[in-house]
Amino acid sequence: MGQTLTEKILDDHLVEGELTPGEEIGIDIDQTLTQDTTGTMVWLQFEALGLEDVQTELAAQYCDHQTYQFDFKNTDDHRFLRSAAGTFGAHFSRPGNGICHNVHKENFAAPGKTLLGSDSHTPTPGGLGQLAIGAGGLDIAVAMGGGPYYVEMPEVVNVRLEGELEGWASAKDVILEMLRRLSVKGGVGKVFEYTGPGVESLTVPERTTITNMGTELGATSSIFPTDEQTKDYLERVGRPEDFEKLEPDADAEYADEIVVDLSELEPLIAKPSMPDNVVPVREVEGERVEQVMIGSCTNGSYEDILPGAKMLKGREVAKHTEMIVAPASKQSAEILARQGWTAELMAAGVNFSEATCGACIGIGHVPASDSVSLRTFNRNFEGRSGIEDDSVYLCSPEVATAAAIKGEIVDPRDLAEELGDLESPGIELPDEYDGSDADLIDPNESIDDELIKGPNIGDVPLKDPLGDTVGGESILKMDDNITTDHIIPATADILMYRSNIEKLSEFTLSRVDDTFADRALEADGGTLVAGENYGQGSSREHAALCPMYLGIEAVFAQSFARIHRANLFNFGIVPLTIDDDTYEQIEQGDDITVVDDVGAGVRNGEEQFTCRVNDDWEFTAQLHASERERDILAAGGKLSWTKEQATGD
Ligand code: SF4
């Protein structure tokens, strides 16, 4: 039987296990990527593991999420990251140089390589045939030290693309259509492999918009084969030698097949406040828009800004609408500026921002209260924009620009008809990606050879090995689809404490219940209860690290999102699955004790644990874990476990 492209790359990198869906496999990692909100902890963990040099072919540290340096804390973090990259041997991308995925795509992404990144949108370079996976920071630290990355072998789903995009439909509409059909849980445990005759019509930047937002489906990764488009892109970015022809075998077998006819797609939009709340733009036409943003790792590159600039040439943004362009990379901004497009945007009334994630996580450009913001981003979780009752829609750059011109949501086809001289700008790549690389520091050119830690940089907390008893008061009961943004918000005032866990933990789950941290400390720890898909969204390990710091011993949920589940193991919190009836029955404040000897049960491979509630009734919770995950839990987390492995203790 032939292999899928995913299986081929995994096979090439396999160090443990077999490629059987659902089984845990260990793979070698070629490249790693860390960003500033997760990176400080990664390097502190790398240091705590006693590691001295990066062992992967390439590691890159970006400063992109929180580039505004309001006070010394972010600046301290960025300096620490620069010093860590130089000391341990990673490339360093300075604040303002752009978003990790876009800078990585332009400079390092390569077909057939594995990439592990401490950011959930790491799968972006799947558009170039790279198998890229998002993971928790501790997994990255271990991979940089040369250890394998362990992941459940995903099912590989064939997404067969037919036809070609027409008119005003764009790559964003392909992935919004996938979200419309499959929902934010539709990709859990899967890799989406794009095939079919429609593939060759899509440029690499269009493909990376699709692979980037595969994350919103909950997918482990998404990938395209390589072809003339890939070759063309790698030539334009000046790395033709990285091209490798990669495709699935003709007789490859897939777990499932989804067919998307590109020629049938129309402009789509995700309504507030979930990326899968997708409808045709025409269904929400007429809604007044006060803010429009083009940017983010999904649609913030040169190829995404240029269509907006072309549409706005000779026009103006509506008076009651503010339009912001935040380029995803400084290189994109530099090329646009050299070509004169930045001036066109400015003349139209656009506010041009630095290359940063910023607004995507509520840092800057927070929408006005009770107003609509249209964004080309990938997530519109409630409150993520920086205001609790936000109303954020997700769409393509063309739909966003049309709204900026009209001041209300409008299908660009209808606006074109109304204006008479508005044409679909289509996609255009620069002849050469020839921006300066002054902000990307090669490890061989680094000025640093020791870590520089400012007062905001604390130690990595450790947990004791798992004992006999686990449990305590259920301090919070939550609904379905709780995101890591809910658990640790990423707003500027909070994120600046990412390297100071004691302080950061005060904000744990504050978006769900602002008394949570105090109650957890008062109760001296306890448990959490959640519905389906607990921990979806960002990969930030602080969402496990801070609850661990507050003494949370177990999470009882109907299901867990992949990366967060791994992070719970990594920080010694027991992730237990419960059924619908149990979820309904448990009340916040109940005292839940796992009756069995947990430490022994975990070590012995027990899958079911009896739990007692208020000495009143009992239920059975499931622990789905590999032998390695059990060992990690028993050791009190991955840091202790990895040290044990290294020393043989
Ligand atoms: Fe940055 Fe937003 Fe992309 Fe995350 S999703 S990497 S915050 S732009």
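What follows is a walk through this predicted model, from its domains and cores down to single residues. It is a predicted model, so local features need pLDDT of at least 70 and side-chain atom pairs count only at pLDDT 80 or more, while totals for chains, interfaces and linings use all residues. Residues are numbered from 1 along each chain as its sequence is written, and side-chain values use heavy atoms, with hydrogens and water left out.

Let's start with the domains. The domain assignment gives domain 1 (5–264), domain 2 (268–419) and domain 3 (470–647); bounds of this kind come from an automatic or database domain assignment. The C-alpha centres of domain 1 and domain 3 lie 27 Å apart. Between these two, 34 residues of domain 1 are in contact with 31 residues of domain 3, where contact means heavy atoms within 4.5 Å. About 2700 Å² is buried between domain 1 and domain 3, with carbon and sulfur atoms giving 56% of that area. Buried area here is the accessible area (1.4 Å probe) that two parts lose on being put together, summed over both.

Now for the cores. In soluble globular proteins, nonpolar side chains tend to be buried together. A nonpolar core here is a set of buried Ala, Val, Leu, Ile, Met, Phe, Trp, Tyr and Cys residues joined through side-chain atoms within 4.5 Å; buried means under 20% relative accessible area, exposed over 50%, and partly exposed in between (1.4 Å probe, protein chains only). The largest nonpolar core has 72 residues, and those with the most contacts inside it are Trp43, Phe516, Leu528 and Tyr534. Helix H5 (residues 137–144) gives the most to this core, with six residues. At least three residues come from each of domain 1 (5–264) and domain 3 (470–647). Helices (H or I, at least four residues) and strands (E, at least two) are DSSP runs, numbered from the N terminus.

Leaving aside neighbours within four places in sequence, Leu528 is in contact with Leu476, Met478, Leu509, Phe516, Tyr534, Ile552, Ala554, Val555 and Phe556. Apart from this core lies another, of 46 residues, among them Ala109, Ile305, Val350 and Ala402.

Next, go to the stretch around helix H14. Thr483 is in the loop between strand S21 (470–477) and H14, and at 1% relative accessibility it counts as buried. A polar atom of the Thr483 side chain lies 3.2 Å from the backbone nitrogen of Asp485. Ile487 lies in H14 itself (residues 484–487) and is buried too, with a relative accessible area of 0%. Ile487 and Ser510 are 23 residues apart in sequence, yet 7.3 Å apart in space, C-alpha to C-alpha.

Just after H19, Gly572 takes a positive phi of about 75°.

How does helix H8 sit? In H8 (residues 228–236), Gln229, Thr230, Tyr233 and Leu234 are buried. They cover an arc of only 130° around the axis, so they are on the same side of H8; the arc is that of the directions from the helix axis to the C-beta atoms. The buried residues of H8 pack against helix H4 (100–107) and helix H7 (204–212). At the start of H8, a side-chain oxygen of Asp227 reaches to within 3.0 Å of the backbone nitrogen of Gln229.

Most residues other than glycine have a negative phi, and most peptide bonds are trans. A cis peptide bond joins Pro272 and Ser273, with omega about -5°. Asp370 has a positive phi of about 50° although it is not a glycine; Asp370 counts as exposed, at 71% relative accessibility. Asn614 also has a positive phi, near 50°, and is found in the loop between strand S26 (608–613) and strand S27 (617–622). Asn614 is partly exposed, with a relative accessible area of 38%.

Conventions:
A polar contact is a pair of N or O atoms within 3.5 Å; within protein, one must be able to donate a hydrogen and the other to accept it, and residues adjacent in sequence count only if both atoms are side-chain atoms.
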